[in-house]
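Take a moment with the sequence and the coordinates.

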Amino acid sequence: MAVPGSSTSSYVSSSHSAPTTYAQYASPTGSAYTPNSAISPLTSESSGPETPLRPLDLGPPGYHATIILFEQTPNESTIYLGPWEVVGTDPPRVIWRCSYEGEVLEHYLPSDSPADTHPYTLHAQHRRFGDPRELELYLTFKGPQRVRYETPDGVFLDDYMEVKYEFTTIESSIQFQGDVRRRDLVDWFDVDVIWSDTHGRTDNYGNVRGLGTIQRIKIWRDRYSTFHYISFFANHRRRWKEYLVNDFEPAVRQRDDRHRRLRLQARGARRGSAPDTSNQGRRFSATSMFRPRQASAANGAQAGPSTVAAQPVSGLDVRYLGIQFTRNERMQQGTDGPNMIEGPGWVRLREHVYMPTESVFTFILSVNAGSSSVKISVFTTSKGQDPTQIAELQVSGLTSPPPKLDYKRGSTSVIKSQDVDGKIESQDDAFSLLLQTLIDDADLPEIKEKDHIAVVTHRIVHGGDFNNQEIITPDTYHKIEELNDLAPLHNAKSLEIVKSCIEKLPSAINVACFDSQFHSTIPDHIRTYPIDQAIAKSNRLRKYGFHGISYAFITRSVADFLGKPPGETNIIALHLGSGASACAIKGGKSWDTSMGLTPLAGLPGATRSGSVDPSLVFHYASDVGRLSPSSTKELHISRAEEILNQESGWKSLTGTTNFGTIATSSDPTHKLAFDLFVDRICGFVGTYYVSLRGQVDALVFAGGIGEKSEQLRAAVVEQCQCLGFEIDESKNSKKIESVVQDVGKGGARHGVLVCQTDEQFEMARAVAEDEKIWKEDGMKN
Ligand SMILES: Nc1ncnc2c1ncn2[C@@H]1O[C@H](COP(=O)(O)OP(=O)(O)O)[C@@H](O)[C@H]1O
Ligand SMILES: CC(=O)OP(=O)(O)O
Ligand SMILES: [Mg+2]
């Protein structure tokens, strides 16, 4: 494990004022409670802190916070945390004394920069009934941070985890937040939507969608200067945004109370970078209107009427922030008596801030027809901007009926794994069901009218020589149709969906995004088959490669996670779903991939054999050369192709196509399938490792199996240990919640990551960036 340095020079220490509400909490001190009785110390070489801590000597018996370690395991333990100190600079760490002498918990902050440390608090709407202030009692640090827990009996934990504290008082939470950020928390506001003029987000109903939705924005004051900052969590990027506010106090003094307006000049302070203190920000006029909150809980600071808006120097990505506050109507629900959500001065406004924008903004529907599933997502976007997802639906299990329906609107799970009753025989049937579910949802007024969807992006698995996404004109449609036989489980099915969209969404532009386009960078010596080159050229017989939309998403997300430019990122990525493939990505570009002329080559899948001796098929059955009875005018499939594409893989070995069942069963046929898959995957990892000359940042698992099967990940990485990949069992067994999540052992030569791939997002992003799509009319004419 890479152990961050631990200088003891203290830059701040705190928590000297005792919390006022001890009485309501049972103190563990003096009781028979042993927080660590159920767990045993680590046997690792971890050493204790350099300076032994003195016995608890601050304040009365009691504690400021609790943390749960080993959550959702038999060893789950609540640790009672006493006073804390923030020490060190490289990076700083919080040292918590716990209930017993010598019991210490250390929380390593991600870096020395306050811009990298964000204690996260939920929005009042996340817990509707109660005092919204109390949400400050629950602090989360998103993303893994190192925690080391030691008692006189030894070190019980030294690992990365999502750190969640529950504080006993709001005051101590605020003090703590200030200490870890070296910035005092001045105030906070719960907002429905945050957007900027470059992310213009209003629909035809005046509803607003934005960078951050249902978020608690926080205002901070630097402890060593007069700088103030506004921070919030941007949902669409799953990143913190922070803006430096110039002259906060003079601006508050000059506020316009009559119109409840405050103008703040602000500029982007990039995550992890020092604030830009040059003074070239353009003035802006923000029509923020809200009443002063009553005296803030934060260090007794006077919370003036507050803020909205940011106008940073040009070149930074945000020019305004618009904030729409929680509406009166909602705030008043169930607000009688003690449930009253509103505190005195609680921000409540009917009006929302509206920033005029020149951006055209639109809805994109992205359709991903896989061999066993159809997934669709709806995004809002404006030209050149990252899309924001507003809904995601899927029908899965098409190869293992009954299929299941899932529907998520924002963060709300509307339908979860519901058996589909009606007849779903094709990908297009699944798509029709999904579209209807979307349109019927009364809580999604944006899509009430089908006309609101301006662009539909379609994942088209085989794009032949297309190296870019294309608006689907009759000409493109026919070119894709010609490739149907080269992706028999996919292309014809996707074109059925395109036809449905032309019929059902007549005002939308249809765009084809090709799974093969990412692989157009594969060099000749890798993509050429050693056959007669004249025939190869005329029949376009070469390696194309697929799952490229997913690999494009994975490359960008992993590079972002590693903090590297994509052009310097080398990974071995595994997209393991119903169809499975591996890809060597060199400098952010596809260098090699396991699928070939068709998606049959390479790894086995749910119903596919993967690579076998090419002559096997002639020995399999005598009629393999004939057309299959299921050939249609759209698709000419031979018996041989049918056998290898639809009657092989997990289905032929085990009778099921559900790899979740296979990975957890002791049935010998399941075990054979599992071991065979691990063997084939490791074969590609080894090949690509050598092909990339060992210059590999990480092995990345994605796709339904890669994201969900900890057993498969563990088995693959175990076999690849000789190459320097190592799995961390506890990280590997955790739920995968982030877009990219680290499951590798600290200190190993190469990383091991899981990426929750999102092909729909990747298509919407490509379209939002594509000039020609904003100009053209496509199929409409
Ligand atoms: N809990 C699980 N563990 C392992 N595999 C799973 C689990 N849940 C689903 N899967 C596998 O994920 C596959 C679907 O992956 P996905 O990438 O969504 O497929 P598609 O190729 O249709 O896009 C299913 O075929 C199933 O075998
Ligand atoms: C290309 C391919 O096999 O796709 P899927 O895994 O979605 O079926
Ligand atoms: Mg897929």
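Which residues are around ligand 2? In this predicted model, they are Gly370, Ser371, Val461, Asp515, Phe546, His547, Gly577, Ser578, Gly579 and Pro599. By class, this shell holds three nonpolar, six polar and one charged residues.

Now turn to ligand 1. The shell around ligand 1 counts 18 residues. Gly370, Gly577, Ser578, Gly660 and Gly704 come nearest. Two elements give two or more residues to this shell: α13 (659–664) and α15 (703–708). The most comes from α15, with four residues. The make-up is four nonpolar, 13 polar and one charged. Gly370, Gly577 and Ser578 are listed around ligand 2 and are among those nearest ligand 1.

Next, look at Arg459. The UniProt annotation "binding site", from an unreviewed entry, covers this residue. Arg459 sits in strand β20, residues 453–460. Is Arg459 buried or exposed? It counts as buried, because 27 C-beta neighbours lie inside 10 Å, and the cut-off for buried is 20 or more. Leaving aside residues up to four places away in sequence, Arg459 touches Val367, Asn368, Ala369, Ser494, Cys513, Asp515, Ile549, Glu759 and Met763. One of these contacts, Asp515, is also in the shell around ligand 2.

The crossing of α4 past α6 is right-handed. From α4 come Gln427, Asp428, Phe431, Ser432 and Leu435; they meet Lys493, Glu496, Ile497, Ser500 and Lys504 in α6. The contact divides into three nonpolar, three polar and four charged residues.

Finally, check the backbone. Most residues other than glycine have a negative phi, and most peptide bonds are trans. Where does the model depart from this? A cis peptide bond joins Pro401 and Pro402, with omega about 0°. Pro402 is in the loop between β17 (388–396) and β18 (404–409).

Gln72 has a positive phi, near 60°. Its place is the loop between β2 (65–69) and β3 (77–87). Gln72 counts as exposed because it has 10 C-beta neighbours inside 10 Å. Arg540 also has a positive phi, near 50°. Arg540 is found in the loop between α8 (533–538) and α9 (548–562). With 12 C-beta neighbours inside 10 Å, Arg540 counts as exposed, since the cut-off for exposed is 12 or fewer.

Terms used: Residues are numbered from 1 along each chain as its sequence is written. Chains are lettered from A and ligands numbered from 1 in the order in which they are written. This is a predicted model: local features need pLDDT of at least 70, side-chain atom pairs count only at pLDDT 80 or more; totals for chains, interfaces and linings use all residues. A residue is near a molecule or strand if its C-beta atom, placed from the backbone, lies within 6 Å of it. Ala, Val, Leu, Ile, Met, Phe, Trp, Tyr, Cys and Pro count as nonpolar, Asp, Glu, Lys and Arg as charged, and the others, Gly among them, as polar. UniProt positions are given in the numbering used here, feature names are shortened, and annotations may be inferred rather than shown by experiment. Two residues are in contact if their C-beta atoms, placed from the backbone, lie within 7 Å. A crossing is left-handed if the near helix is turned anticlockwise from the far one by less than a right angle, and right-handed if clockwise.
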